[in-house]
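Visitor: I would like to learn how to read the features of a structural model, one feature at a time. Could you take me through this one?

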Amino acid sequence: MIEMWVPFIVAALLSLIFTPFVRRGSCRFKVIDVPKDERRVHKKPIPLAGGLAMYGAFVIGVILFIGLHKETIALLIGATIITISGFIDDYKGLSPKGKLLFQGIAAIILLLGDIKIEFFTNPFIEYDLISLKLLAIPFTIFWIMGITNTINLIDGLDGLAAGVSMICAISFMFIANRFANYEVAIVAAILAGVCLGFLPYNFNPASIFMGDTGALFLGFVLSYISIEGVMKSAAIITILLPVIILGVPVFDTTFAMLRRMVSGRNIMSADKGHLHHRLLSRGMTQRETVTALYVISVIFGVLANTASRFSSKTGFILSVLIILGVIFIAAMSGMFKSKEEEE
């Protein structure tokens with residue numbers, strides 16, 4: 001594990017050093033988030049594009065501690081494309097179709113690096129693999145684009161996306177290491193480190209936001225880690241582990257889409273029904289809300305790591321029970337209802 005923590009610390013230091021320079025650049029070139037609607041919690045203009053600092057630290061970390069080969073080249077090219085799309089959106093604005101185009105291209109780059117979900121394990125027959133065959137390509141693209149956007153959608157409070165992504169990356173690091181995917185575990189450690197280095201500037205009150213530049217970058221790299229570090233294992237449980245680890249962004253996004261569908265609204269429309277909005281509406285401060293979601297992310301990570309230690313079938317059953325429990329709690333707490341219906 002020492003091999004994991006050295007990249008983590010180096011990446012954190014690089015991110016910590018780079019962020020003030022990016023903040024100055026954002027101010028100079030007027031890459032600023034000006035609060036212009038009620039969904040924004042901050043009240044004054046804040047520099048954007050802090051994700052550039054995390055991206056730079058991540059690239060250096062990967063080159064230093066892993067090196068360049070087919071897979072890492074594909075990862076870095078894909079991450080670069082995603083980061084550029086996020087910066088364009090932060091600076092001048094990018095249409096939803098434009099974002100999806102960039103994400104699709106980045107996902108295809110990963111596929112060219114032989115990074116894809118090729119099979120599922122049969123939960124009813126030990127070591128029986130269900131090959132996706134031609135479906136591997138569309139399913140992988142869907143997964144990458146889905147996870148990429150879930151992180152972006154929870155980026156609504158100071159320090160939320162960075163902290164949750166850090167916790168998810170650490171959880172993936174432990175599981176990838178347990179599955180002997182050591183290189184991916186190092187990538188996860190580097191990603192966790194760049195998040196930690198960014199947090200001192202991003203935690204409430206934030207002096208810089210990561211913007212779409214950072215949120216899309218984090219989601220993209222987490223999608224890669226989930227595929228290469230967990231889902232390529234033949235263990236039955238690997239079908240559900242990434243969903244549990246990424247529980248906060250995945251469940252929040254899924255519930256939001258279902259809520260909008262039930263209300264007859266466009267599933268991609270914005271609202272104030274996300275979990276962090278609901279906690280704020282109950283009187284919690286930004287710091288209390290973010291800390292609560294950190295704790296929930298840690299719980300998900302511990303549950304996933306615990307489930308991974310059991311035999312495949314037992315772990316699979318435990319994972320299903322965890323997911324069903326989350327859905328039940330969400331239903332009881334009104335997560336499938338719009339704020340208007342609750343009131």
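Visitor: What should I know about the model before I start?

Guide: This is a predicted model, in which local features need pLDDT of at least 70 and side-chain atom pairs count only at pLDDT 80 or more, whereas totals for chains, interfaces and linings use all residues. Residues are numbered from 1 along each chain as its sequence is written, and side-chain values use heavy atoms, with hydrogens and water left out.

Visitor: How many helices and strands are there in the protein chain?

Guide: Helices (H or I, at least four residues) and strands (E, at least two) are DSSP runs, numbered from the N terminus. In the protein chain there are 14 helices and four strands. As for burial, a residue is buried under 20% relative accessible area, exposed over 50% and partly exposed in between, with a 1.4 Å probe and protein chains only; of the 343 residues of the protein chain, 56% count as buried. Contact means heavy atoms within 4.5 Å, and among contacts between residues at least 6 apart in sequence, 76% join residues at least 24 apart.

Visitor: At what angle do helix α6 and helix α8 pack?

Guide: Axes are lines fitted to C-alpha atoms, for helices over the stretch in contact, and the angles run from 0 to 180 degrees between N-to-C directions. Helix α6 (residues 160–178) and helix α8 (residues 211–231) pack at about 15°, their axes being 10 Å apart. Angles under 35 degrees count as roughly parallel, over 145 as roughly antiparallel, 65 to 115 as roughly perpendicular and the rest as oblique, and α6 and α8 are therefore roughly parallel to each other. On the α6 side the contact involves residues including Ala-161, Ser-165, Cys-168 and Phe-172, and on the α8 side residues including Leu-218, Leu-222 and Ile-225. Ala, Val, Leu, Ile, Met, Phe, Trp, Tyr, Cys and Pro count as nonpolar, Asp, Glu, Lys and Arg as charged, and the others, Gly among them, as polar; the contact of α6 with α8 has 11 nonpolar residues, three polar and no charged.

Visitor: Which residues make the contact of α2 with α8?

Guide: The axes of helix α2 (residues 51–65) and α8 come within 7 Å and cross at roughly 35°. Gly-51, Leu-52, Met-54, Tyr-55 and Phe-58 of α2 meet Thr-213, Gly-214, Phe-217, Leu-218 and Val-221 of α8, and these residues divide into seven nonpolar, three polar and no charged.

Visitor: How many aromatic pairs does a search of the whole structure find?

Guide: A pair of aromatic rings is described by the distance of the centres and the angle of the planes. Rings of Phe, Tyr and Trp (its six-membered ring) pair if their centres lie within 6.5 Å, with planes under 30 degrees apart counted as stacked, over 60 as edge-to-face and the rest as tilted. The search of the whole structure finds eight aromatic pairs. Trp-5 and Phe-8 have ring centres 5.2 Å apart and planes at 90°, so this pair is edge-to-face. The two residues are three apart in helix α1 (residues 2–28), and are therefore separated by about one helical turn. Trp-5 is partly exposed at 30% relative accessible area, whereas Phe-8, at 11%, is buried. A tilted pair is formed by Phe-203 and Tyr-294, at 6.4 Å centre to centre and 35° between the planes. This pair links distant parts of the chain, with Phe-203 in the loop between α7 (182–202) and α8 and Tyr-294, 91 residues apart from it, in helix α12 (residues 286–309). Phe-203 is partly exposed at 24%, and Tyr-294 is buried at 16%. Ring pairs also link Trp-5, Phe-8 and Phe-174 into a cluster.

Visitor: Which residues does a cis peptide bond join, with omega of about 0°?

Guide: The cis peptide bond joins Asn-204 and Pro-205, and Pro-205 lies in the loop between α7 and α8.

Visitor: What is the phi of Asp-114, and what is that of Ala-180?

Guide: Asp-114 has a positive phi of about 65° although it is not a glycine; the residue lies in the loop between α4 (96–112) and β3 (119–121) and is partly exposed at 38% relative accessibility. Phi of Ala-180, also a residue other than glycine, is positive and near 65°; Ala-180 sits in the loop between α6 and α7 and, at 42% relative accessibility, is partly exposed.
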